[in-house]
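Q: I have a protein model open and would like to learn how to read it. Could you take me through some of its features?

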Amino acid sequence: MDRRLAENERQLNQRCETMPGMPASSGWRLDYEGREMQGREALGRRSRKALGRKRRLIPGRQGSALKKAAALVLAASLALGGAITSLAEEAGTAAGSQQIEYADLEQLIKGANPEVQAKRADLDHWVGEYEAARDEIMENRARLREDAREMKDDGDLEGSRHYLEQAKMLKESADQLDKQIRSLNSASNTMDIRQTEDTAILAAQDVMGTWHSLSLDRESAGAKLEAASYKKEKLERQLAEGMVTQADVDQAEKDRMAALGKAEALDGELEQMKRELCLLTGHTYDAAVEIGALPAANLERAGALDLEADKQTAWGNSYELRSQRHSGFSGTNKERHSRDRSVEAAEQGMYTRLTSLYGQVQTAKTSCEAGRTALAGAEMDWKAISHKHELGMISQEEYLTAKVAYMEARAAAGRAEIEMLGALNRYDWAVKGLTLE
């Protein structure tokens, strides 16, 4: 029987040693020859660590700085090494296409984002480890109580008493592990995962907006390249007829190469944004995906924002303020007053940032309205030019020059729409609790 208990202890200690960061505890052990108590040193190094811990922070906690989101996601993706199945790619395969829609970004982030998946897996892993250690302790406690009853029946009252005392100590150890499990499942850890989700969703929205903005610029650059190429070909024909000089042709070639370089640079930027969006949404970086359209900017909603009411909502939702308000504190009155001043400063900083984001929304709204007006005029001009070109009333060069002007107006109006959408998104996420500069 004593050998069996020694083996149980060895197995428990061996299991505990695989759990980094387990706290110090009151262990148990018998001197199996003399049955002398050895205090709380017997659960083993890992169990002793596990049972004194106040709370375990999930590895990889981060703030809400949006500029770090893409890099963090890339690092998480590489670290996972493909171990996490991409729910986004499974869905795309089932549907026969790989389409990333703006309305699906939240679902894709929560279900397939590598950093979110890693944090959830880490939390589940450690909860499982603590639960398994607790269950083993309770199994050993049950065996001790059973053996204590047998000793009592055999008349070994002293041995029975020692075993019952150790069973009681094991119960205390199990209770400590229960506290650790509750700590892991606490609001602070689940809030950290939600903050990671929200940050990644906003990052994906911004990246998708940037991709569309670059697409508009690429269309404009394509029109310029088309016009520059036509002009160079025209001058080459005129050079053969002696109507222009070689210097004119050379300059046209420089202009064409500049337009080509701009188009190729935009192609590279578009590919980079596509890769970042793939990583954020759980696809492989080189997945064959199509990027869906953006929703129209809601100018009416932008004009109806209630900044003062939103400040109060943001105060209750702010991840930063909630973390500060809910964190435990013990110290002198001077230290407490200093902490209160820090919380108050953080609140004022949050109000200032939200006010700034509100101003950005209103500025973007004005730009968006101006862009829509300008685009309406450009579209009318373009229709007239196109009609004249069909009738042969203007030259190809004049037509291409007008096309460049129209595409530039279209790109400017589109960028204003995208900036309006992004400004409203950032404001909304700040109200929901993210800290945004």
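Q: Let me start with one residue. Is A378 buried or exposed?

A: Keep in mind that this is a predicted model. Buried means under 20% relative accessible area. A378 has 15% relative accessibility, so it counts as buried.

Q: Where is A378 found, and which residues does A378 touch?

A: A378 is found in helix α13, which covers residues 333-390. Leaving aside residues up to four places away in sequence, A378 touches Y406 and A409. A378 and A409 are 31 residues apart along the chain, yet their C-alpha atoms are separated by 6.6 Å.

Q: Can we try a residue in a loop? Where is V289 found, and is V289 buried or exposed?

A: V289 is found in the loop between α9 (246-280) and β2 (290-291). With a relative accessible area of 2%, V289 is buried.

Q: Which residues does V289 touch, not counting residues up to four places away in sequence?

A: V289 touches Q98, I100, K274, C278 and H283. Take Q98 as an example: V289 and Q98 are 191 residues apart in sequence, but 4.6 Å apart in space from C-alpha to C-alpha.

Q: Now for the whole chain. How many helices and strands does the protein chain have, and what percentage of its residues is buried?

A: The protein chain has 14 helices and 2 strands. Of its 437 residues, 43% are buried. For contacts with a separation of 6 or more, 80% come from residues 24 or more positions apart.

Q: How do I read a salt bridge, and how many salt bridges are found in the whole structure?

A: Here is the general idea: side chains of opposite charge can pair when their charged atoms come close. A search of the whole structure finds 25 salt bridges. One of these joins the side chains of E165 and R161, at 2.5 Å from N to O.

Q: Where do E165 and R161 lie, and what is the relative accessibility of E165?

A: Both E165 and R161 lie in helix α7 (residues 157-184), and they are 4 residues apart, about one turn of the helix. E165 has 32% relative accessibility, so it counts as partly exposed. R161, at 37%, counts as partly exposed too.

Q: Which residue forms a salt bridge with E236?

A: The partner is K232, and the closest N and O atoms are 3.1 Å apart. E236 and K232 are separated by about one helical turn because they are 4 residues apart in helix α8 (residues 187-240). E236 counts as partly exposed at 36% relative accessibility, whereas K232 counts as buried at 17%. There is also a network of salt bridges, which links K232, E236, E253 and R256.

Q: What is the N to O distance in the salt bridge of R426 and E419?

A: The side chains of R426 and E419 meet at 2.9 Å, N to O. R426 counts as buried at 18% relative accessibility, while E419 is partly exposed with a relative accessible area of 40%.

Q: How do I describe two packed helices, and at what angle do α5 and α6 pack?

A: Two packed helices are described by the angle between their axes and the distance between the axes. Helix α5 (residues 105-112) and helix α6 (residues 114-153) pack at an angle of about 40°, with axes 6 Å apart. That makes α5 oblique to α6. In this contact, I109, K110, G111 and A112 of α5 meet P114, V116, Q117 and R120 of α6. By class, the contact has 4 nonpolar, 2 polar and 2 charged residues.

Q: At roughly what angle do the axes of α11 and α14 cross?

A: They cross at roughly 50° and come within 6 Å, where α14 is the helix of residues 396-432. That makes α11 oblique to α14. L307, D310, T313, A314 and N317 in α11 meet Y427, A430, V431 and K432 in α14. This contact has 5 nonpolar, 2 polar and 2 charged residues.

Q: Which residues of α11 are buried, and which exposed residues does the opposite face carry?

A: The buried residues of helix α11 (residues 307-317) are L307, D310, K311 and A314. Seen down the axis of α11, these residues fall within an arc of 110°, so they line one face of the helix. The face turned away from that buried side carries the exposed residues E308 and Q312.

Definitions and conventions: Residues numbered from 1 in each chain as written. Predicted model: local features only at pLDDT ≥ 70, side-chain atom pairs only at ≥ 80, totals over all residues. Heavy atoms only, no water. Salt bridge = Lys/Arg side-chain N within 4 Å of Asp/Glu carboxyl O. Buried < 20%, exposed > 50% of the residue type's maximum accessible area, 1.4 Å probe, protein only. Axes fitted to C-alpha atoms, helices over the stretch in contact; angles between N-to-C directions. Parallel < 35°, antiparallel > 145°, perpendicular 65-115°, else oblique. Contact = heavy atoms within 4.5 Å. Nonpolar A, V, L, I, M, F, W, Y, C, P; charged D, E, K, R; others polar. Arc of directions from axis to C-beta.
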